[in-house]
Amino acid sequence: MPHPCQRREGSQVLELKRITVRFGAGGVPVVEDVCLTVEEGTKTVIIGETGSGKSVLILALLKLLPSTAIVTGEVIYRGIDVFSLSERELAALRGAKIAYVPQGSGNSLNPLHPIGKQVGESMAAGNLLPAKELRARVLALLKSFHLGDEERLVKQYPHTLSGGMRQRVLVAMGVAPGAAVILADEPTKGLDAARVRLVEDSFMRLEGKSLICVTHDISFARKIGEYVSVMYAAQQVEIASAEVFF
Ligand SMILES: Nc1ncnc2c1ncn2[C@@H]1O[C@H](COP(=O)(O)OP(=O)(O)OP(=O)(O)O)[C@@H](O)[C@H]1O
Ligand SMILES: [Mg+2]
């Protein structure tokens with residue numbers, strides 16, 4: 001396989017070019033010179049030891065890092081230079097085109113709104129759907145994750161759910177909208193084996209969408225990954241097809 005910075009074949013949906021991240025001028029890079037080409041409809045898993053820069057890399061590519069972060073390099077989404085977009089254009093890209101399922105037990109759900117409303121918003125992503133149709137779609141989606149008593153769940157507020165449940169709602173939301181790319185940061189963390197399988201199944205069914213998934217779970221990585229990127233001490237030390245890697 002050619003070096004990830006040189007790969008040009010296929011129809012890439014997302015390209016990271018020489019991404020470097022430092023916190024504060026003169027800080028040591030926590031992500032250094034990382035290149036990644038993601039082709040349409042492919043699944044890439046990022047593995048690597050704790051603190052190697054996986055989450056920072058994911059956050060950097062959507063410009064979600066705090067202002068102390070100094071990010072260099074380029075992110076190209078379907079020919080669009082992401083770092084040159086205005087805040088408004090970025091907001092339109094996030095969620096609608098590039099969905100992000102953050103690390104942590106669903107803390108990024110809005111505590112003020114019931115689950116059904118939040119999932120509905122992520123599904124509609126700018127399209128106006130009749131309320132009844134949207135509700136039916138939200139229920140169908142949540143049912144596909146076997147969350148249990150979905151009719152009740154849509155009316156519940158995030159703080160009334162367990163961490164594992166919130167995490168799965170977030171995964172469902174990341175999978176829901178018309179996004180072409182899904183970024184998921186440790187989506188199976190803290191889930192029991194049966195729940196991990198549900199996440200696996202829903203990721204396997206993501207037809208036509210591209211997935212970049214950070215995980216510590218090697219068997220999960222092996223199940224869903226087509227490409228494997230290995231981070232070590234801020235650098236990507238290996239990128240290979242899953243076939244070669246495993
Ligand atoms: N906001 C921040 N300010 C300063 N340093 C940060 C910030 N966020 C992350 N870092 C540092 O960047 C490095 C990479 O962190 P990152 O969260 O990307 O690790 P990770 O590979 O996701 O680890 P884990 O597997 O534990 O989630 C760490 O040394 C971390 O301390
Ligand atoms: Mg992380």
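1. Let me begin with Phe 220, which is buried, with a relative accessible area of 0%. Please keep in mind that this is a predicted model.

2. Phe 220 has an aromatic partner, Phe 203: the pair is tilted, with 6.2 Å from centre to centre and 50 degrees between the planes. Phe 203 counts as buried too, because its relative accessibility is 0% and the cut-off for buried is under 20%.

3. How many aromatic pairs does a search of the whole structure find? The search finds two. Besides the one above, Phe 245 and Phe 246 form an edge-to-face pair, 5.0 Å centre to centre with 90 degrees between the planes. Phe 245 is partly exposed at 27% relative accessible area, and Phe 246 is partly exposed at 30%.

4. Now to ligand 1. Of the 14 residues around ligand 1, those that come nearest are Thr 50, Gly 51, Lys 54, Ser 55 and His 216. Helix H1 (residues 54–61) gives the largest share of this shell, three residues. By type, the shell divides into four nonpolar, seven polar and three charged residues.

5. Oxygen atoms of ligand 1 have several polar neighbours. An N or O atom in the side chain of Thr 50 is 2.4 Å from a ligand oxygen, a polar side-chain atom of Ser 55 lies 2.9 Å from one, and a polar backbone atom of Gly 53 is 3.0 Å from one. The protein covers 61% of the 630 Å² of accessible area that ligand 1 has on its own.

Notes. Residues numbered from 1 in each chain as written. Chains lettered and ligands numbered in written order. Predicted model: local features only at pLDDT ≥ 70, side-chain atom pairs only at ≥ 80, totals over all residues. Heavy atoms only, no water. Near = heavy atom within 4 Å. Polar contact = N/O pair within 3.5 Å; in protein donor to acceptor, adjacent residues only side chain to side chain. Areas by Shrake-Rupley, 256 points an atom, 1.4 Å probe, with all protein chains shown as cover. Helix = DSSP H or I, 4+ residues; strand = E, 2+ residues; numbered from the N terminus. Nonpolar A, V, L, I, M, F, W, Y, C, P; charged D, E, K, R; others polar. Phe/Tyr/Trp six-rings, centres within 6.5 Å; stacked < 30°, edge-to-face > 60°. Buried < 20%, exposed > 50% of the residue type's maximum accessible area, 1.4 Å probe, protein only.
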